Amino acid sequence: MIGSLGRRAFLKGAAALALASCAPATTSGASPGASKSKALVPFKWLFGFTISAGADLPVVIARELGYYKEQGLDFSWDFTTDSTGIRLIGLGQYQAGSVSDAAAPVNFIVQGVPLKVIDLMTQRGARALAVRKGSGIARPKDFEGKKVGIKTTPWTEYLVMLATDKVDRTKIKEIPVGFSSVELKEGIVDVLPVFTGNEPFVLKNQLGTDVDLLLPDQFGYPPIGTSTVVNANYAKSNPAEVTAFLRATLKGAEYMVGHKAESVQIAVQYAGPGKTREQHEFQYDVTVRDLVSGIAATKGIGYVTPAQWQAQLDLLSDLKVIDSKPKVEDVLDTSFLDKVLKDGKVVWPG
């Protein structure tokens, strides 16, 4: 049983199996130590949230299974919030990170911060607004006169939903909340922004609070999912390293899709005691659905088109959620995906 294995033994075994399955055959003239003689290139990733069985778990899997090392990278990570993280990547302190809010990178890019989106890890957004079941709140217009929670900053989904339903935001009392979900249970807020991969589970199973979800695509906003963002200057000067990073990360995503038990175990080990295995399993199922939905089902995990981002830019600009509308090529660079994916799969080892 996986849960009874020691962390080191489990990961060592998983890595050996995974790498053996994808390693290319060696020729008689190859030097056994040739691949080890080349120094690894440092590559720093910045998490915008704690580790879980969500859209960033492929990063953890890829490091644990040795994919980054096989691609020549000395991969490391730190943690911060989304908005701060984007700025630090733009400053060159980190090479890459992820964002789950389309407007966040765009607003930095129009300010001249050197960032580029290079993939779309999940094809569907993982954010919604939760209300208590039976509350009578059925649409954004019903938020008027109510208390709405705000996590760090107002989510793009929330702002678009308000604009689409012609809500007078001055009639809403916005209250800062954390990530525990308890504010809805205790009546501190009437409306809670939630991540659909884990908070509905927590509210129902741990806090005893049944909820209804108001989904953004029901109220004018079909959000894209989690995007990977890189420092644009670094990507221009180091295209091979960014390609290697993306290749290893998407290989980790493919492993995640095909190995639920092992992936959940890795999430459990890295997330610590704050979440139960059942939470991770629930989030895993939601995340995998979104990893392979839409265009990714045929084009490969991470695939994204300029048309997807252009639709976002047009909508966000029309509703004045972004400061100004950049050209799509200023936001998105698909050249790395073109090198990594073929026929819907990661080209490995490249």
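Thr305 is located in the loop that runs between helix H13 (296-299) and helix H14 (306-318). The structure is a predicted model. Its largest nonpolar core comprises 73 residues, and another core, of 16 residues, lies apart from it.

**Thr305**
- Thr305 counts as buried because its relative accessibility is 17%, and the cut-off for buried is under 20%.
- When residues up to four places away in sequence are not counted, Thr305 touches Ile295 and Leu332.
- Thr305 and Leu120 are 185 residues apart along the chain, and their C-alpha atoms are separated by 9.0 Å.

**Nonpolar cores**
- Within the largest nonpolar core, the residues with the most contacts are Phe245, Leu250 and Trp309.
- Helix H10 (residues 239-258) gives the most to this core, contributing 9 residues.
- The other core, of 16 residues, lies apart from the largest one and has Ile137, Tyr158, Val167 and Phe219 among its members.
- Leu250 is in contact with Asp119, Met121, Ile301, Gly302, Leu337, Val340, Leu341 and Val346, leaving aside neighbours within four places in sequence.

**Thr196**
- Thr196 occupies the loop between strand E8 (191-195) and helix H8 (199-205).
- Thr196 has a relative accessibility of 14% and therefore counts as buried.
- Leaving aside neighbours within four places in sequence, the contacts of Thr196 are Ala126, Arg127, Ala128, Leu213, Phe282 and Val286.

Definitions and conventions: Residues are numbered from 1 along each chain as its sequence is written. This is a predicted model: local features need pLDDT of at least 70, side-chain atom pairs count only at pLDDT 80 or more; totals for chains, interfaces and linings use all residues. Side-chain values use heavy atoms; hydrogens and water are left out. Helices (H or I, at least four residues) and strands (E, at least two) are DSSP runs, numbered from the N terminus. Buried means under 20% relative accessible area, exposed over 50%, partly exposed in between (1.4 Å probe, protein chains only). Contact means heavy atoms within 4.5 Å. A nonpolar core is a set of buried Ala, Val, Leu, Ile, Met, Phe, Trp, Tyr and Cys residues joined through side-chain atoms within 4.5 Å.
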